[in-house]
Amino acid sequence: MNRREFAQSLAAAAALGSPQTQNREAAGGSLTDVRGIRVGHFTDTRRPTGCTAILFDTAVAAGVDYNGSAPGESQVVMLQPVSPVEKIHALFLTGGGIFALHAHSGVLRYLEEHKVGFDWGTPDLRIPIVVSAVIDDLAVGDPRIRPDAEAAYKACAAATTSPVPEGNVGAGAGATVGKMHRGRGLSGMKGGIGTASLTAGELVIGALAVVNAAGDILDWRKGTIVAGARRPDGTLADSVEVMRASLTEKPRGAPLEDNALRSTTLVVVATNATLTKTALTKLAMMANCGAGRAIRPYHTTGDGDQLFAISTGAVNRTDVPLTTLGSLAADVVAEAIVRGVRAAQSVDGWPGLRAK
């Protein structure tokens, strides 16, 4: 995202800095442009599948917006404002569906070894809070190959502040999109991990998306489909238009493929602005609108979509409206989602947009 692409949004964000405030972004931007965040991937190329660990230099405040019907997760309930747990120590995203949810124990082991967590009052014992979420990528390759605790531990060990690799890596290694009409001969395409960021003065907003949607992925600026349901000749169909036509066709064609636990897009949006858990819950809600611009349809009955919002609290700006932060975060999220499919390479049965 360059200056021109964010001009309209930045006009609404004049309060973010002085007249010399600039929107700058290196190499397309990354979640790790928010200082204090490290990201590591583990990728199992045998299938492929993998997992992604997001670690923090210090515990961070976090909120969530999950409107999907079938989320696979652990400890996400503690992000609700009614929970007394105000901060978390890591986020863990993984492929492998519910079979891989237990892999987060590898993150717990890594954090315990590094003495990260809340003081439990017992010598040398700290309790790390690790929020975890899964995507179902079992339709790609051998579904018996799934991330485990050792894979999660390796993802933690690989975590750095460098720009996050995109495409067929980590939790996005087995991600796919446009899967709703395969019974009608419309194949899907490869999804993946994407990331983006926005810097305005001293404030930074970053996002990371694991794009594994039932629906199509759109260029959010133009409204055109860039990846999704694919006809046998390689052209893209419009998943919503296919559904519209199916309502009046005779005889009725194959049923819609939108079973629970089959599709999930996971998004993390982060900022260095100081925000409470309640404010982050609202930020997550607004940022999720960006996912709605880039995914169509979104939040289907089979999706387990979840969007996490975190604050490192490095910058305390009481003059910046939450509405401004949420509006900009939605743009960054939409960009991260599109980048996820544009960086994805083909695997067997799932063509990607990026040449090998």
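Gln-75 is partly exposed, at 30% relative accessible area (buried is under 20%, exposed is over 50%, and partly exposed falls in between, using a 1.4 Å probe and protein chains only). Gln-75 has a positive phi of about 65 degrees, although it is not a glycine. You'll find Gln-75 in the loop between strand E4 (72-74) and strand E5 (87-94). Helices here are DSSP runs of H or I with at least four residues, strands are runs of E with at least two, and both are numbered from the N terminus.

Asp-124 is another non-glycine with a positive phi, this one about 60 degrees. Asp-124 sits in the loop between strand E6 (118-119) and strand E7 (126-127), and with 72% relative accessibility it counts as exposed.

## What you're looking at

This is a predicted model, so to speak of a local feature takes pLDDT of at least 70 and a side-chain atom pair counts only at pLDDT 80 or more, while totals for chains, interfaces and linings use all residues. Residues are numbered from 1 along each chain as its sequence is written, and side-chain values use heavy atoms, with hydrogens and water left out.

## The nonpolar cores

In soluble globular proteins, nonpolar side chains tend to be buried together. A nonpolar core here is a set of buried Ala, Val, Leu, Ile, Met, Phe, Trp, Tyr and Cys residues joined through side-chain atoms within 4.5 Å. The largest one holds 42 residues, and the members touching the most others are Val-177, Ile-217, Val-269, Leu-325, Val-333 and Ile-337. Elements giving two or more residues to this core include strand E11 (192-200), strand E12 (203-211), strand E15 (266-273), helix H5 (277-294) and helix H6 (322-342). H6 gives the most, with 10 residues.

Take Val-269 as a close-up. Leaving aside residues up to four places away in sequence, its contacts include Ile-205, Ala-287, Leu-307, Ile-310, Ala-329 and Val-333 (contact means heavy atoms within 4.5 Å). There is also a second, separate core of 31 residues; Val-39, Ala-175, Leu-208 and Phe-308 are among them.

H6 is 21 residues long and spans 30 Å from its first C-alpha to its last, close to the 30 Å expected at 1.5 Å a residue (the expected span being 1.5 Å times one less than the number of residues). H6 is mostly covered, with 16 of its 21 residues buried.

Now for the sheet. Three strands make an open sheet in the order E14-E13-E16, with antiparallel pairing (two strands pair if DSSP finds at least two bridges between them). E14 and strand E16 (295-296) stand at the edges with a single partner strand each, so one side of each has no neighbour in the sheet. H6 packs on this sheet, touching E13, E14 and E16, and its direction makes about 115 degrees with that of E13. For that angle, axes are lines fitted to C-alpha atoms, for helices over the stretch in contact, and angles run from 0 to 180 degrees between N-to-C directions.

Strand E13 (residues 216-219) runs antiparallel to E14, joined by three bridges. Asp-219 stands opposite Thr-224 in E14, and Ile-217 stands opposite Ala-227 in E14. Four residues lie between the strands of this hairpin, and Gly-223 takes a positive phi near 80 degrees.

E11 and E12 also form a hairpin, with two residues between them, and Gly-201 in the turn has a positive phi of about 65 degrees. The pairing of E11 and E12 is antiparallel, over nine bridges, and Ser-197 stands opposite Gly-206 in E12. Nine of the nine residues in E11 are buried.

## Cysteines

How many disulfides are there? The count is zero, where a disulfide is a pair of cysteine sulfur atoms within 2.5 Å. Cys-51 is in no disulfide, and its nearest cysteine sulfur, from Cys-156, is 8.1 Å away. Cys-51 is buried, at 0% relative accessible area, whereas Cys-289 is partly exposed at 46%.

## Cis prolines

The peptide bond from Lys-250 to Pro-251 is cis, with omega near -5 degrees. Pro-251 is placed in the loop between helix H4 (239-246) and E15. A cis peptide bond also joins Arg-296 and Pro-297, with omega about -5 degrees, and Pro-297 is in the loop between E16 and E17.
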